[in-house]
Each structure stands twice: as C-alpha cells, then as structure tokens.
Amino acid sequence: MVTRNLATLADPDADRITVDGRPVPPPEARHYLLLNKPRGYVTTLSDPRGRPVVADLVDVDARVYPVGRLDWDVEGALLLTNDGALTHRLLHPRYGLPRVYEAEVAGRVAPGALARWRHGAVLDDGPAKPLAVELVRAGVDGSRLRLTFAEGRKHEVKRYCEALGHPVVRLRRVAFGPVALGALAPGASRRLTPRELSLLRAAVADHAGGRGDR
Ligand code: URA
C-alpha cells in the first residue's frame with residue numbers, strides 16, 4: 001500500500017490502483033494522428049453551420065482535438081491528439097515549432113525578389129518574418145514558394161504573401177515541426193510513428209541549451 005508518496009510510479013497495466021479503497025480508472029490511452037486535411041474542411045470537431053469538419057475524416061476510438069488550425073481552404077499536415085499537455089507545448093510560441101508551407105501565389109516572383117521575401121513584413125498585428133523562403137517555381141501567371149514560419153498566427157501566410165504583393169491562390173502545409181506530410185493522400189490520416197512522437201516531444205522539451213530555454 002502507498003500512502004502520501006505522490007512520486008510513486010504505478011504501472012497502469014499491471015497494478016490495480018485504489019484511493020481510499022476505491023479503484024482509480026486507468027489513464028485514457030493517448031492517440032497521435034497526422035491528417036492530410038483537404039480544402040473545404042473546417043478545423044474543428046463540429047460546425048454550427050453544418051460544414052464538413054476534420055473530425056469526419058479520422059477514425060479513432062477517442063475524442064481527438066486538432067493541434068492548432070488550418071483555414072477552411074488550406075490543405076495539408078494537421079495533427080490531432082487527446083494529449084492536451086503536448087498540444088499546449090506544441091502551440092506555445094516559446095518553442096517556435098517550424099511550420100512549412102507550399103504556397104501557390106499570383107504573379108511572377110523573380111529570384112531577385114527573394115531577399116525582400118526573407119526580410120519580413122509588417123502585418124496588421126505586428127512584424128512577421130519567415131525562418132526560410134525558397135522559390136520552387138516562378139511562372140508568368142503564378143509562382144510557388146516554400147515558406148517556413150515559427151508561429152501559428154491567424155492567416156499569417158496568406159497575409160504575408162498579400163503584403164508582398166502576391167496573394168495566395170492555394171496553400172498547403174507540408175510539415176509541422178519534425179512531422180512531414182510525405183505521400184499521405186488528401187483526406188487520409190495515419191498514426192504518428194514512435195520516432196515522430198519522440199522528435200515532437202524533444203522539439204518542445206525544456207532541456208539545457210534547447211530552444212525552449214531562451
Ligand atoms: N497561414 C494561413 O494563412 N492559413 C493557415 O491556415 C495557416 C497559416
């Protein structure tokens with residue numbers, strides 16, 4: 001019997017835990033999913049306007065919540081989990097978890113303009129500066145850029161591209177921190193691998209010298 005020792009570790013699979021003689025229910029199993037969100041889905045569990053929601057696309061025996069949000073018309077990597085503590089850290093600005101986007105924008109972005117794209121811009125809620133910008137394709141009628149941002153400000157990528165004179169035509173998130181979308185089909189989801197999960201946890205760990213210690 002354990003009394004008062006709050007640090008005692010119990011194995012929920014092997015031990016029957018009671019407090020004052022009453023059984024304590026085992027902790028809820030954790031689920032960690034990656035969804036390739038298609039356009040036209042709202043990042044929520046239910047929508048009062050009856051629009052399709054991301055919860056319609058995942059098949060899991062638990063209530064999992066989106067980690068942050070993608071706009072209705074934005075596609076790509078969206079994590080869902082019932083691990084609230086990890087979600088809180090993943091979204092916390094102090095860890096600056098990089099989000100990588102592929103943006104199709106209107107007009108031709110000349111390679112010579114990239115310095116301006118990398119320099120940053122002032123948006124209506126303050127300055128924004130991507131961690132990285134690469135030009136993937138520069139066409140006369142449209143260009144494709146790969147932009148990495150460390151924050152999840154509302155409509156940030158769209159507002160940033162607009163501020164640089166090239167409105168977004170199509171936007172897809174291809175990575176969230178160490179988790180890459182890869183070849184996952186639109187609308188499909190999969191469980192994170194143990195390696196992805198440990199990389200995610202490491203990205204938001206407060207170890208000495210880590211990003212979180214700043
Ligand atoms: N930036 C946007 O503009 N929209 C998103 O959904 C995510 C980032």
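Which residues are around the ligand? In this predicted model, the residues around the ligand are Leu-70, Asp-71, Val-74, Tyr-101, His-155, Glu-156, Val-157, Lys-158 and Leu-171. Sorted by class, this shell comprises five nonpolar residues, one polar residue and three charged residues. Among the elements of secondary structure, helix 3 (residues 156–163) supplies the largest share of the shell, namely three residues.

A polar backbone atom of Asp-71 lies 2.7 Å from an oxygen atom of the ligand, and a polar backbone atom of Lys-158 is found 3.0 Å from a ligand oxygen atom. A nitrogen atom of the ligand, in turn, is placed 3.1 Å from a polar backbone atom of Val-157. The ligand taken alone exposes 240 Å², and 95% of that area is buried by the protein.

His-155 is located in the loop that runs between strand 10 (142–149) and helix 3, and its phi angle is near 55 degrees, a positive value in a residue other than glycine. With a relative accessible area of 36%, His-155 is classed as partly exposed, because this category covers the range between the cut-offs of 20% for buried and 50% for exposed residues.

Key: Residues numbered from 1 in each chain as written. Predicted model: local features only at pLDDT ≥ 70, side-chain atom pairs only at ≥ 80, totals over all residues. Heavy atoms only, no water. Near = heavy atom within 4 Å. Polar contact = N/O pair within 3.5 Å; in protein donor to acceptor, adjacent residues only side chain to side chain. Areas by Shrake-Rupley, 256 points an atom, 1.4 Å probe, with all protein chains shown as cover. Helix = DSSP H or I, 4+ residues; strand = E, 2+ residues; numbered from the N terminus. Nonpolar A, V, L, I, M, F, W, Y, C, P; charged D, E, K, R; others polar. Buried < 20%, exposed > 50% of the residue type's maximum accessible area, 1.4 Å probe, protein only.
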